[in-house]
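Work through the exercises below with the structure in view. Try each task before reading its solution.

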Amino acid sequence: MLVLTNELAGRTEAAAVQQAVDVLSTAGRVERVTCSSADDLERALDSRSGRTLVVVGGDGSLHTTLRRLWQRGEAADCVVGLIPLGTGNDFARGVGIPLDPVAAAHALVSGVVTPLDLIVDDADGVVVNAVHVGAGAEAALAARPLKPWLKIAAFPIGAVLAGFRAKGWRLRVRVDGVRVASGRRRVLMVGLSNAPSIAGGTALLGPDASPVDGRVDVTVSFATGPLARVGYAWALRRGAHPAREDVRQLTGREVAVAGDPFWVNADGELSGPVTARTWRLVPAAWQLRLPADSPTASE
């Protein structure tokens with residue numbers, strides 16, 4: 001196995017990493033590489049030589065690695081493992097990987113290689129867990145300076161700050177070519193989910209989302225009024241928002257968003273602002289070693 005760590009990402013801790021590596025070593029030779037730059041990652045991928053690539057970190061670290069594997073044309077042929085040591089670890093939660101690093105390492109050693117879907121965009125980017133624009137991305141912007149001190153508690157605080165500020169965006173949204181929002185009515189948030197949760201499990205954006213069903217779950221919220229924003233935020237925490245009259249919840253393969261400038265939050269990685277972006281789902285685009293008892297592994 002080739003183990004990638006990033007000492008600058010999330011809350012990666014040296015002792016926890018070493019404990020996980022010790023467990024992985026029981027299954028064979030392990031090489032550990034610390035990546036602090038894009039060049040480091042590139043060199044590590046160049047030296048992979050067919051080995052399982054184990055990412056130590058959160059959604060952001062997994063996102064960065066998968067993006068480069070996709071761009072290199074190697075995503076479908078590289079078996080990936082994940083030791084979740086990030087801040088939110090939403091993708092690990094969604095696919096049943098233990099959040100304890102030692103338990104995750106044991107599960108990886110005895111795990112099942114499973115092909116998973118990947119969301120890709122028209123800027124050659126990828127989404128492993130979820131991507132959203134509007135209030136969700138604004139919440140991530142507000143939470144970003146708080147994460148080094150507050151860790152996972154930064155997410156709900158950022159959401160509260162964004163909830164007060166966000167008045168909505170005039171966006172045109174199409175799912176598989178069908179118009180969902182015309183741009184005349186303001187949109188609070190558009191989200192695409194490949195797995196259920198975002199913000200460290202504090203919000204169930206795609207309560208039924210699965211990275212093995214060949215579909216992306218799409219949320220379009222029109223809850224722009226002051227009380228509506230509060231109600232939507234509360235429902236989002238419980239995954240009850242699809243039942244709201246001011247929310248459209250649907251599935252598809254391609255989603256196009258255009259209109260007012262908006263920020264994009266893809267797996268916690270922020271980019272923008274942009275005025276248009278299109279995403280498409282690529283089924284079974286990459287391989288992840290999942291715990292044998294994971295519901296995702298058996299689907």
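**Exercise 1. Decide how helices α2 and α3 are oriented to each other: parallel, antiparallel, perpendicular or oblique.**

Step 1. Take the angle: α2 and α3 pack at about 60°, and their axes are 11 Å apart. Axes are lines fitted to C-alpha atoms, for helices over the stretch in contact, and angles run from 0 to 180 degrees between N-to-C directions.

Step 2. Apply the classes: under 35 degrees is roughly parallel, over 145 roughly antiparallel, 65 to 115 roughly perpendicular, and the rest oblique. α2 and α3 are therefore oblique to each other.

Step 3. List the residues that touch, where contact means heavy atoms within 4.5 Å. Leu41, Glu42 and Leu45 of α2 meet Thr64, Thr65, Arg68 and Leu69 of α3.

A note on the source: this is a predicted model, in which local features need pLDDT of at least 70 and side-chain atom pairs count only at pLDDT 80 or more, while totals for chains, interfaces and linings use all residues. Residues are numbered from 1 along each chain as its sequence is written, and side-chain values use heavy atoms, with hydrogens and water left out.

**Exercise 2. Find the buried face of α2 and what it packs against.**

Step 1. Helices (H or I, at least four residues) and strands (E, at least two) are DSSP runs, numbered from the N terminus. Helix α2 covers residues 38-46, and its buried residues are Asp40, Leu41, Ala44 and Leu45. Buried means under 20% relative accessible area, exposed over 50%, and partly exposed in between (1.4 Å probe, protein chains only).

Step 2. Down the axis of α2, the buried residues fall within an arc of 130°, so they line one face of the helix. The arc is that of the directions from the helix axis to the C-beta atoms.

Step 3. The face turned away from the buried side of α2 holds the exposed residues Ala38, Asp39, Arg43 and Asp46.

Step 4. The buried residues of α2 pack against β1 (2-5), β2 (31-34), β3 (53-57) and α3 (59-71).

**Exercise 3. Describe the surroundings of Trp70.**

Step 1. Trp70 belongs to helix α3. Its relative accessible area is 23%, and Trp70 is partly exposed.

Step 2. Leaving aside neighbours within four places in sequence, Trp70 is in contact with Ala75, Leu118, Val120, Asp124, Val126, Arg280, Val282 and Ala285.

Step 3. Take Ala285 from that list. Trp70 and Ala285 are 215 residues apart in sequence, but their C-alpha atoms are 8.6 Å apart in space.
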